[in-house]
Amino acid sequence: MSKTIVVTGAGGVLCSTLAEALAKQGHKIALLDLNEEAAVKVADKINETGGIAIGVKANVLERDSLILAKDEVKKAFGKCDILINGAGGNHPLGTTSNPFLEVEDLLDKTEGFKTFFDLDPSGIQFVFNLNFIGTLLPTQIFAEDMVGREGCSILNISSMNAFTPLTKIPAYSGAKAAVSNFTQWLAVHFSKVGIRVNALAPGFFLTEQNRTLLTNSDGSLTTRGNQIIEQTPMGKFGEPEHLVGTTLWLCGEGASFITGVVIPIDGGFSAYSGV
């Protein structure tokens with residue numbers, strides 16, 4: 001049965017891959033992104049290959065923008081059946097320069113060098129807003145139309161660092177932990193009105209946001225990139241397609257009694273103790 005699926009952050013590599021996979025299942029896809037051009041580009045690709053999709057400009061941090069997007073989706077496809085909250089990301093102002101604090105770090109005056117004590121509250125707030133509020137607001141706007149209808153669900157995008165925080169990125173780790181907690185809260189809150197709520201917790205996938213952090217210009221791995229591979233039992237980064245199977249399952253009828261779960265897709269990273 002064809003459903004109307006709304007995907008936020010749909011212009012990105014991971015969410016566009018999910019959108020294309022869902023379109024191949026016969027669903028109508030509304031691709032929401034702050035970058036309208038990116039959303040439309042993905043929609044055009046889906047339409048050119050026989051799917052049904054529209055690209056819609058939307059800011060997940062502005063209610064009015066989301067309401068306008070909702071109206072556009074309803075006019076094109078009807079009420080939203082499935083919402084995928086894919087918008088998110090990190091910010092340099094919420095990231096420390098080193099994984100561990102050393103006494104001499106307090107004396108380092110190098111431009112751009114940041115210890116925990118130098119973290120900018122505005123950068124941390126940006127990360128929390130984008131990941132948590134950027135999940136909460138679209139849910140408020142689109143889930144209202146799901147209440148009391150069968151087969152409706154929400155899929156959030158958390159992270160494996162919500163289980164165990166990664167070094168250097170306290171804001172992102174904390175924000176994704178909030179998304180996981182919110183997923184469980186929503187699953188309970190919506191349990192009587194027919195809305196299931198689950199989340200994916202991707203591990204390390206090479207995207208435009210982290211490519212320069214994990215790989216050098218010649219394609220070799222950075223120190224951090226090597227650390228990750230060494231701590232990943234399957235010995236590789238994830239590919240966007242690795243998220244598809246779990247997404248199709250959680251959004252489908254086969255998962256009709258599953259709600260409140262956060263599933264790591266990380267090649268074993270979160271299960272590995274390092275020894």
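This is a predicted model: local features need pLDDT of at least 70, side-chain atom pairs count only at pLDDT 80 or more; totals for chains, interfaces and linings use all residues.
The axes are lines fitted to C-alpha atoms, for helices over the stretch in contact, and the angles run from 0 to 180 degrees between N-to-C directions. Helices (H or I, at least four residues) and strands (E, at least two) are DSSP runs, numbered from the N terminus.

I noted my ground rules next: residues are numbered from 1 along each chain as its sequence is written, and side-chain values use heavy atoms, with hydrogens and water left out. Local features need pLDDT of at least 70 and side-chain atom pairs count only at pLDDT 80 or more, while totals for chains, interfaces and linings use all residues.

I then looked up which residues meet, and in helix 3 I listed Arg63, Leu66, Ile67, Ala69 and Lys70, which meet Leu137, Pro138, Gln140, Ile141 and Phe142 in helix 4; contact means heavy atoms within 4.5 Å.

I traced seven strands that form an open sheet in the order 3-2-1-4-5-6-7, with parallel pairing; two strands pair if DSSP finds at least two bridges between them. Strand 3 (52-57) and strand 7 (262-265) are the edge strands, each pairing on one side only. From one strand to the next, the twist averages 20 degrees. I also checked strand 1 (residues 4-8) and strand 2 (residues 28-33), which run parallel and are joined by five bridges, and I found that Val7 has Leu31 in strand 2 as its bridge partner.

Helix 4 lies across strand 1, strand 2, strand 4 (82-85), strand 5 and strand 6 (195-202), and runs at about 165 degrees to strand 4.

**Two residues**

Leaving out residues up to four places away in sequence, Thr139 touches Leu83, Asn85, Glu144, Ile154, Leu186 and Phe190.

Lys168 sits in the loop between strand 5 (152-157) and helix 5 (170-189). Its phi is near 80 degrees, a positive value in a residue other than glycine, and Lys168 is partly exposed, with a relative accessible area of 21%.

Notes. Buried means under 20% relative accessible area, exposed over 50%, partly exposed in between (1.4 Å probe, protein chains only).
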